[in-house]
Amino acid sequence: MTHHIVVIGAGYAGLTAANRLARRLSPGQAQVTLVNAAGTFLERVRLHQVAAGQAVPEPAVTDLARGARFVRGRVESITADRRELRLGSTTMRYDTLVYAAGSVADLEGAPGVAEHALTVSGTGDTTRLRDRVARIPAGGVLTVVGAGPTGIEVAAELAESHRRLRVRLLAAEDPGGRWSPAARAHLRRAFDRLGVEVMTGAKVVRVDASGARLADGRSVGSDAVVWAAGFRAPALAREAGLAVDGHDRVLVDRTARSISHPDVYAVGDAAAVRASSGQELRMACATALPAGRQAADAIADRINGREPGPLRFRYVVQCVSLGRRDGLIQFVHADDRPRAMTLTGRSAALVKELVVRNALRSAQRGGG
Ligand SMILES: Cc1cc2nc3c(=O)[nH]c(=O)nc-3n(C[C@H](O)[C@H](O)[C@H](O)COP(=O)(O)OP(=O)(O)OC[C@H]3O[C@@H](n4cnc5c(N)ncnc54)[C@H](O)[C@@H]3O)c2cc1C
């Protein structure tokens, strides 16, 4: 019987894996099924634009999946021992599973986040954020918690699009603290220009209806709080009994295969993927694409009776948009440490846009 490979999640990692598998294996060797909750591809790296009210492309998954059968539906459970998935009233069997379910906002980061904060991790929550921000009256305060790349992009985009609001960024550490001095200086100038007020040393311990409470006792009154301080994988893999880390990311070996279930591979934000140096890769589109490629190659190699090699990966840049007309490209060493070289301003915004477009094209091509 033909080997059935099911890929859960048509994001950057899952789409790359499905398209590469369909290319590398003949229909006689394997059938590839791609399952995704929505019928359209969500360019998550554009969610801050959605939050700011911009229209972004939403291509149909069927137009992007090449050679893989597409099934629209949310996988509710995985019975790993029987190699089965539940999708509503349907049961789907697999021989090999690629788990690429992405990540969600970590609502347990502080008490009150789940009840009172807005998030930016998928279409539904980001649309709620967009609508809530649009209703804040002039002079109102919007607080973004978390000064990693997502928090920086969200604060900058919302400040540029809603000049009537006061946008605050609460940061436990200096925003962009791991970047080069030139990059940090540019970020400060961009925030000054956009009117983003940065509060550093601000560790949020509670969110409530009136705003955020800090560990040092201060209160930051806000009309709305956006929680951009952490992401975690969905609970699906943990509930199925797969070995996961503290963020519910599937623990995988150097070929992207689950360390507890050899017929399961995991990629993208939903996996704790390591480079061959042993370094754990951060949740990023830049790591989801090569991980998707790696899993597909490992599965195809094993079906063809070959032993797959480990993931080969090196970081090159970190790209951050600062509104639509400014950006920051931080060149980095292979292990993600910053180099002195940075690109800023309009040319950086243009490079970032090209990188975003290329990410989708790369997934469509199955990772090149
Ligand atoms: C605002 C923002 C800006 C970002 N900017 C950048 C950036 O500039 N550069 C960068 O490298 N990264 C960036 N990221 C991170 C990047 O978006 C993620 O790391 C990337 O999307 C991970 O890809 P993925 O394929 O693992 O998951 P996703 O892209 O999240 O795709 C997962 C897919 O699985 C589907 N799914 C989940 N559960 C199920 C289920 N049970 N059944 C069926 N389908 C399911 C989801 O609907 C989704 O389509 C950004 C993230 C955000 C939120």
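A salt bridge is taken here as a side-chain nitrogen of Lys or Arg within 4 Å of a carboxyl oxygen of Asp or Glu. The structure is a predicted model, in which local features need pLDDT of at least 70, side-chain atom pairs count only at pLDDT 80 or more, and totals for chains, interfaces and linings use all residues. Residues are numbered from 1 along each chain as its sequence is written, and side-chain values use heavy atoms, with hydrogens and water left out.

In one of them, the side chains of glutamate 353 and arginine 357 meet at 2.8 Å, N to O. These two residues are separated by about one helical turn, because they stand four residues apart in helix H10 (residues 345-364); helices (H or I, at least four residues) and strands (E, at least two) are DSSP runs, numbered from the N terminus. Glutamate 353 counts as buried, at 17% relative accessibility, whereas arginine 357 counts as partly exposed, at 43%. In these terms, buried means under 20% relative accessible area, exposed over 50%, and partly exposed in between (1.4 Å probe, protein chains only).

A salt bridge also joins the side chains of glutamate 197 and arginine 166, at 3.0 Å from N to O. This pair links distant parts of the chain, with glutamate 197 in strand S11 (residues 196-200) and arginine 166 in strand S10 (residues 166-171), 31 residues apart. Glutamate 197 is partly exposed at 29% relative accessibility, and arginine 166 is partly exposed at 38%. Between aspartate 335 and arginine 337, which form a salt bridge, the closest N and O atoms are 2.9 Å apart. Aspartate 335 is partly exposed, with a relative accessibility of 32%; for arginine 337, also partly exposed, the relative accessible area is 47%. Further salt bridges link Arg20, Arg24, Asp297, Asp301 and Arg306 in a network.

The shell around the ligand was examined next. A residue is near a molecule if one of its heavy atoms lies within 4 Å of it. There are 31 residues around the ligand, of which Ala13, Asn36, Asp269, Cys285 and Lys352 come nearest. By class, the shell has 18 nonpolar, eight polar and five charged residues, where Ala, Val, Leu, Ile, Met, Phe, Trp, Tyr, Cys and Pro count as nonpolar, Asp, Glu, Lys and Arg as charged, and the others, Gly among them, as polar. The ligand lies between domain 1 (3-103 + 233-313) and domain 2 (107-229), because both give residues to this shell; the domain bounds come from an automatic or database domain assignment.

An N or O atom in the side chain of asparagine 36 is 2.9 Å from an oxygen atom of the ligand. A polar backbone atom of valine 75 lies 2.9 Å from a nitrogen atom of the ligand, and a polar side-chain atom of glutamate 153 is 3.4 Å from a ligand nitrogen atom. Taken alone, the ligand exposes 1000 Å², of which the protein buries 89%. Accessible areas come from the Shrake-Rupley method with a 1.4 Å probe; for residues, only the protein chains shown count as cover. Two or more residues of the shell come from each of helix H1 (12-24), helix H2 (47-51), helix H6 (149-161) and helix H9 (285-303). H9 gives the most, with three residues.

Definitions and conventions. A polar contact is a pair of N or O atoms within 3.5 Å; within protein, one must be able to donate a hydrogen and the other to accept it, and residues adjacent in sequence count only if both atoms are side-chain atoms.
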